[in-house]
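Subject: Structure handover

Hello,

My notes on it follow below.

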Amino acid sequence: MYTHIRKVVSQFVSEFTKEELDLIEKNFYPKKLGKNEHLLQVGDVAKEVFFINKGIMRNYVPVVNKGQITNYFAEESMFNTSSVSFFSQQPSYEAVQAIEPCEGLAIQYEDLQKLYDRFHNWERLGRLFLQAILMQQDLRLRWFIEKSANERYEAFLQTYPHLMQRIPQYHIASYLGITPESLSRLRSRSHKISADKI
């Protein structure tokens, strides 16, 4: 249960000592989410960060007359929460939901802050976690500014090819800012182009 998270955080921060890594078992606790179950609802305050051992999650924002707009996917070996809500301890504007049944480990806000205060390496891990989120958000923003719908789809294919068969198409469509019908057309066109090249 804890072996994988120890390996992942050590990859982020190679200077972690055994004492610091042993704090994982003392502060993280096992947690499971069923398919479509929420880790966080809109309006709630994010009280925990979830490390995914198995499964995929999404962060989404409900928009009046537009349904749900997915703005983030998290998979195995990733941490997930509503970062703005978690670090500000204010009500969340987004929801966090399991797309597949998820198994992992969670840590409470107060416990993580204590680790940040006591250990430089844990504080550094938190900073790198935030940097990864900001880079992901910047990438998605640039997709919408610089790329057409077809280019966004191709970029998603190149960046996340392993997720195409695991995530429902309507979630991918909402992430790309297009309708499911448009995504279906883009997929058909992409398959045809690939077939013509063979």
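First, a term: a salt bridge here is a side-chain nitrogen of Lys or Arg within 4 Å of a carboxyl oxygen of Asp or Glu. With that rule, Arg6, Lys18, Asp22 and Glu25 are linked in a network of salt bridges.

Some ground rules. This is a predicted model, where local features need pLDDT of at least 70 and side-chain atom pairs count only at pLDDT 80 or more, while totals for chains, interfaces and linings use all residues. Residues are numbered from 1 along each chain as its sequence is written, and side-chain values use heavy atoms, with hydrogens and water left out.

Salt bridges

The search of the whole structure gives 8 salt bridges. One of them pairs Glu25 with Arg6, with the closest N and O atoms 3.1 Å apart. Glu25 sits in helix α2 (residues 18-27) and Arg6 in helix α1 (residues 3-12), so the pair ties together parts that are 19 residues apart in sequence. Helices are DSSP runs of H or I with at least four residues, strands are runs of E with at least two, and both are numbered from the N terminus. Glu25 is partly exposed, at 35% relative accessibility. On that scale, buried means under 20% relative accessible area, exposed means over 50%, and partly exposed is in between (1.4 Å probe, protein chains only).

Another salt bridge joins the side chains of Arg166 and Glu76, at 2.9 Å from N to O. Arg166 lies in the loop between α6 (149-159) and α7 (169-176), and Glu76 in the loop between β5 and β6 (79-80), so this pair ties together parts that are 90 residues apart in sequence. Both ends are partly exposed: Arg166 at 29% relative accessibility, Glu76 at 24%.

Arg142 and Glu146 also meet in a salt bridge, at 3.9 Å from N to O. They are 4 residues apart in helix α5, so about one helical turn separates them. Arg142 is partly exposed at 41%. Glu146 counts as exposed at 51%.

The cavity

How many cavities of 30 Å³ or more does the structure hold? It holds 1. The volume of the largest cavity is about 90 Å³. A cavity is a set of points on a 1 Å grid over the protein atoms alone where a 1.4 Å probe fits but cannot get out, and lining residues have an atom within 4 Å of a point. Points are joined across faces, edges and corners, and the volume is the space filled by probe spheres set on them.

The lining includes Phe28, Val49, Phe79, Ile107 and Trp122. Helices α4 (109-118) and α5 (120-146) each supply at least two lining residues. The most come from α5, with 4. By class, the lining has 9 nonpolar residues, 1 polar and no charged ones. Nonpolar covers Ala, Val, Leu, Ile, Met, Phe, Trp, Tyr, Cys and Pro; charged covers Asp, Glu, Lys and Arg; the others, Gly among them, are polar.

Backbone

Which phi values deserve a look? Asn36 is not a glycine, yet has a positive phi of about 75 degrees. Asn36 is in the loop between β1 (29-33) and β2 (38-40), and is partly exposed at 43% relative accessible area. Asn65, also not a glycine, has a positive phi near 70 degrees. The loop between β4 (57-63) and β5 (67-74) holds Asn65, which is exposed at 79%.

Best regards

Notes. On a 1 Å grid over the protein atoms alone, a cavity is a set of points where a 1.4 Å probe fits but cannot get out, and a pocket is an open set with protein on both sides within 12 Å along at least five of seven lines; lining residues have an atom within 4 Å of a point.
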